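Trainee: I have a new model on the screen and would like to go through it with you. Can we take it by question and answer?

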Amino acid sequence: LTEPHLEQPIFSTRAHVFQIDPNTKKNWVPTSKHAVTVSYFYDSTRNVYRIISLDGSKAIINSTITPNMTFTKTSQKFGQWPDSRANTVYGLGFSSEHHLTKFAEKFQEFKDAARIAKEKMQEKMELTSTPSQESGGGDLQSPLTPESINGTDDERSLQDVAQDSDARAEINQSSLPFTHSTTIGKHWESELATLKNNNAKLTTALLESTANVKQWKQQLSAYQEEAERLHKRVSELECLSGQANVLKTHKTELNRTIEELETQMRDKEEEIERLKKDIEGARELEAQRDTLSQQLQEVEIHNRDLVEQLSDLEQRLEKSQNEQGVFRNNLKTLLEILDGKIFELTELRDNLAKLIEGS
């Protein structure tokens with residue numbers, strides 16, 4: 001860390017540290033295997049506030065607070081903030097909502113202090129324009145050295161290996177809910193595609209029937225005109241007394257033709273009624289399609305909620321496992337100390353027994 005004697009820790013807490021995956025920009029990659037100390041530092045010389053966290057001798061957080069930074073609570077125990085200088089997004093998982101709220105309050109407090117300090121520095125730069133003062137203001141732009149941000153080559157390689165293994169574990173753990181949600185989504189998509197196909201077929205049939213109805217209406221109009229012409233012709237023939245028998249024959253044929261035309265007209269009217277019923281059925285199918293689409297959206301929203309809940313449970317499980325590991329290590333240490341004390345007491349007893357026998 002740059003000039004540590006000038007900085008003093010002003011607030012500390014413990015949390016699990018994460019960074020956003022630089023490749024996907026979506027998944028979180030843990031940078032600490034267990035909860036570590038995260039502290040706010042204040043550099044009185046530069047008037048700069050920084051968030052610093054160490055995992056052993058490696059700095060896993062070295063972020064300078066600027067006025068344009070924003071700390072966001074994404075859940076009851078998790079918060080994040082972007083750092084454009086480090087070209088990453090930091091995430092912290094706390095043990096309780098109280099610790100998260102306290103950290104967020106301090107972040108806002110020191111962010112406001114950084115903004116006030118920047119405004120004061122700008123006022124000084126406006127009042128005076130000497131080169132020394134301009135260079136003094138420039139210190140705010142580079143509070144960190146490249147070595148303190150990036151670490152050594154060995155540290156970077158170890159961190160890359162840890163990030164790759166954690167990313168693979170996260171993908172394996174989260175594959176099941178995504179497969180389940182994909183199966184449900186495919187089922188509803190298949191149902192929706194079937195409805196769309198049926199709707200398209202009904203629409204095509206409706207268009208064909210509409211065209212046929214228009215054609216039948218034209219034919220019916222032509223038949224009616226022909227019947228009227230024939231009726232007029234019958235009237236004219238009936239006026240001719242000398243051709244009574246011929247007229248009767250023609251009249252019988254014309255009546256038969258009229259009856260056939262009327263039968264065809266009734267058939268066409270029944271066909272029109274059937275087509276109207278088909279249209280109503282198509283409308284009902286469209287309503288069902290809209291309902292299924294809405295249900296599909298609700299299922300997708302529910303799947304996203306399940307994925308978020310699973311992520312939170314995975315974080316809790318990891319935290320519990322880390323705490324159990326620390327507890328086991330502490331028990332082992334206590335057992336070793338106890339064995340040493342028992343061995344010392346045994347030696348002391350033997351020595352006392354020898355003294356008693358000698359006396």
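Trainee: How many helices and strands does the protein have?
Mentor: This is a predicted model. Read from the N terminus, the elements run β-β-β-β-β-β-β-β-α-α-α-α-α. The total is five helices and eight strands.

Trainee: What is the mean pLDDT, and where does the pLDDT fall below 50?
Mentor: The mean pLDDT is 79, and 80% of the residues reach 70 or more. Residues 1-5 stay under 50, with eleven contacts beyond four places in sequence. The other stretch has 44 contacts beyond near neighbours in sequence, yet its pLDDT is also below 50: residues 130-180.

Trainee: What share of the residues counts as buried?
Mentor: The accessible surface comes to about 24600 Å², and 53% of it belongs to carbon and sulfur atoms. The protein has 359 residues. Those that count as buried make up 25%.

Trainee: Which element gives the most residues to the largest nonpolar core?
Mentor: That core has 23 residues. Val-38, Tyr-40, Ile-51, Ile-61, Trp-81, Leu-92 and Phe-103 touch the most other members. Strands E1 (7-20), E3 (36-43), E4 (48-55), E5 (58-64) and E8 (88-93) each supply at least two residues, as does helix H1 (97-127). With six residues, the top giver is H1.

Trainee: Which residues does Leu-92 touch beyond four places in sequence?
Mentor: Start with Leu-92 as one of the core residues that touch the most other members. Its partners include Ala-15, His-16, Val-17, Val-38 and Ile-61. The list also includes Lys-77, Phe-78, Gly-79, Trp-81 and Phe-103.

Trainee: How many residues of E8 are buried?
Mentor: Buried here means under 20% relative accessible area. E8 is mostly covered. Of its six residues, the buried ones number five.

Trainee: Why does the pair of Trp-81 and Phe-107 count as tilted?
Mentor: There are 14 aromatic pairs in the count. For Trp-81 and Phe-107, the ring centres are 6.1 Å apart. Stacked needs planes under 30 degrees apart, and edge-to-face needs over 60. The planes here are at 50 degrees, so the pair is tilted.

Trainee: How many residues apart in sequence are the parts that this pair ties together?
Mentor: Both Trp-81 and Phe-107 are buried. Trp-81 lies in strand E7, while Phe-107 is in helix H1. So the pair ties together parts separated in sequence by 26 residues.

Trainee: What is the relative accessibility of Phe-103, which pairs with Phe-94?
Mentor: Phe-94 and Phe-103 form a tilted pair, 5.5 Å centre to centre with 50 degrees between the planes. Phe-94 is buried, with a relative accessible area of 4%. Phe-103 counts as buried too, because its relative accessibility is 0%.

Trainee: Which residues do ring pairs link into a cluster?
Mentor: Trp-81, Phe-94, Phe-103 and Phe-107 are among them. The cluster also includes Phe-11, Tyr-40, Tyr-42, Tyr-49, Phe-71, Tyr-90 and Phe-110.

Conventions
Residues numbered from 1 in each chain as written. Predicted model: local features only at pLDDT ≥ 70, side-chain atom pairs only at ≥ 80, totals over all residues. Heavy atoms only, no water. Core = buried A, V, L, I, M, F, W, Y, C linked by side-chain atoms within 4.5 Å. Buried < 20%, exposed > 50% of the residue type's maximum accessible area, 1.4 Å probe, protein only. Helix = DSSP H or I, 4+ residues; strand = E, 2+ residues; numbered from the N terminus. Contact = heavy atoms within 4.5 Å. pLDDT = per-residue confidence, 0-100. Phe/Tyr/Trp six-rings, centres within 6.5 Å; stacked < 30°, edge-to-face > 60°. Areas by Shrake-Rupley, 256 points an atom, 1.4 Å probe, with all protein chains shown as cover.
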